[in-house]
Amino acid sequence: MIRRDALRWNGWGWLGESMGFSQRREAWLLEALGRELGRPLVRAAEPASLETLRLPPSKLAPEILAALRRACGEDSVRTSTLERVSHALGRSLPDLLRLREADVSVGPDAVVYPPDEGAVAAVLRVASRESLAVVPVGGGTSVVGGIEPRLAPGQAGAIALDTTRMDALLRLDEESGLATFQAGIDGPDLERSLAARGYTLGHFPQSFELSTLGGWIATRSSGQLSDRYGGIEELLVSVRVVTPEGVLRTLEVPRSATGPDLNALVLGSEGTLGVVVEATVRVRPRAEVSAVRGLLLHGFEDGLALVREARRAELPLSMVRLSDADQTALFELMRRDPARRFDPSRLALALAARCGWGRGRCVLLYGAEGARREVRRTLGRLRSLGLRRRALPIGSAPGRAWLRDRFRTPYLRDWLLDHGAAVDTLETALPWARVAEGHDRIRRALRAALERHAEGGAVMGHLSHSYPDGASLYFTLVYALDATAAVSQWQEIKREATDAVVAAGGTLSHHHGIGSDHLGWMTDEKGAVGLEALRAACRSLDPQGIMNPGKLLP
């Protein structure tokens, strides 16, 4: 179970965790980033305290709270300000902006922690009877407005249904390579329970430390090692979902031809059908060794060609991550520490620049897992392909740095917000024939948006996941906040950014999901007929529309 009092209520992650910059390094970075953004970064106003939070009082009558307690236990219904605000918003940029201002106009009227499937069903019966919206919440890490309560017409209030009390490994079938979990288990607990038996799921999204198996399924997530293990859709075998009309369940079989796949209906449904309470997933023996190496390339398109060639050669890589020139330069900037008198990596990069790998250079990280000999062979083959494209091997240091910080990077957002700068991200996927053009078109549109609404900023991109037929592109924006209208500033930038993704022919999301932030573009993505089919599925399982209204479907 995730303890909400151990987390920041108005920021990312655990209390006491941070990027850990020294004062000297922080001052140096602020000066350098200020030059990048065209204005100095100075300490912003302190975030508001919990005591000043403007959260409307709960609308639930005592008899409704009593019914919820009968449904899931006396200590499983909570109405404190901390519990309610911890389940009111996710962790997108606008969510953080509002939380830091202690401005939460809508929150759940109560938070319930059901211990099992029966309790979930009982809560949904109460919600149906009392016309309450129900928002399933796992780790609460949505970055697309996926958990903010939104009431449909006629609904009397909203409850957040926290799944994290349901966090057990139920069965491990070693002969079949399957594990069955309650869906509220978080990433670290899931991996620890498997590691004790020598297995891994291999699903490591950036939110891994705080997100849950049910959340991964409901948002159709993709882990950082998806090149080896696949996205959650390839790991999921069967699922149980409690809906207002009963339990939707699929069979624990490797494949079935009995009509459309109901797993696919649940994947990415974002809590609009019901509550994912249990899932069986494919697990693998833990790898003997794991290694990540780096290559320096002359340009982003050289890197794209190399990744495409590696996919066509079917190299068994665990991950490939190609940063464009702007992201490569910013990462080089961020890793510098002025207190270090001798920095071998910086000297090596300076020498590389003198030898021709300078302006426009890009870093490719690539990794492999498995038996020692197999890993050595895979890494060697990728290195050989890179050398043919005039890539420069840069060893394991960049990979070690990425592994060290891959779950800590979101803490950087809070540090930047403390100094008046915003960070936002978006991602898409395109076929190989349009990846290079899409990267260029979206990047130019993002820069134009920042010029219009923030007087400039930084735009970076990287290829984050690859496939035989295409790849995911992930963009990061850094810009100076308009302190007087920060949320509306973001809205304008977000609108233009999403328009650019649609114009480039990309999907609205490769792994973040839809939530409420992308609703305005869902007709472009699914078409009118497709959206009506999804609405019909929701109506059949949730005829009163109590499940996470205002998300996924416009």
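How many salt bridges does the structure hold? In this predicted model, the structure holds 33 salt bridges, and the close-up views below present some of them.

**View A. A salt bridge between Asp227 and Arg311.** The side chains of Asp227 and Arg311 meet here in a salt bridge, with a distance of 3.0 Å from N to O. Asp227 belongs to helix 8, which spans residues 226-229, while Arg311 belongs to helix 11, which spans residues 300-312, so the pair ties together parts that are 84 residues apart in sequence. Asp227 is buried, its relative accessible area being 16%, whereas Arg311 counts as partly exposed at 22% relative accessibility.

**View B. A salt bridge between Arg228 and Glu369.** In this view the side chains of Arg228 and Glu369 form a salt bridge at 3.7 Å, taken from N to O. The two residues link distant parts of the chain, with Arg228 in helix 8 and Glu369 in strand 14 (residues 362-370), 141 residues apart. Arg228 counts as partly exposed, with a relative accessibility of 21%, and Glu369 counts as buried, with a relative accessibility of 11%.

View C. The side chains of Arg443 and Asp440 meet in a salt bridge of 3.2 Å, N to O, and both residues lie in helix 17 (residues 432-454), 3 residues apart, which is about one turn of the helix. Arg443 counts as buried at 17% relative accessibility, while Asp440, at 26%, counts as partly exposed.

Technical notes:
Residues numbered from 1 in each chain as written. Predicted model: local features only at pLDDT ≥ 70, side-chain atom pairs only at ≥ 80, totals over all residues. Heavy atoms only, no water. Salt bridge = Lys/Arg side-chain N within 4 Å of Asp/Glu carboxyl O. Helix = DSSP H or I, 4+ residues; strand = E, 2+ residues; numbered from the N terminus. Buried < 20%, exposed > 50% of the residue type's maximum accessible area, 1.4 Å probe, protein only.
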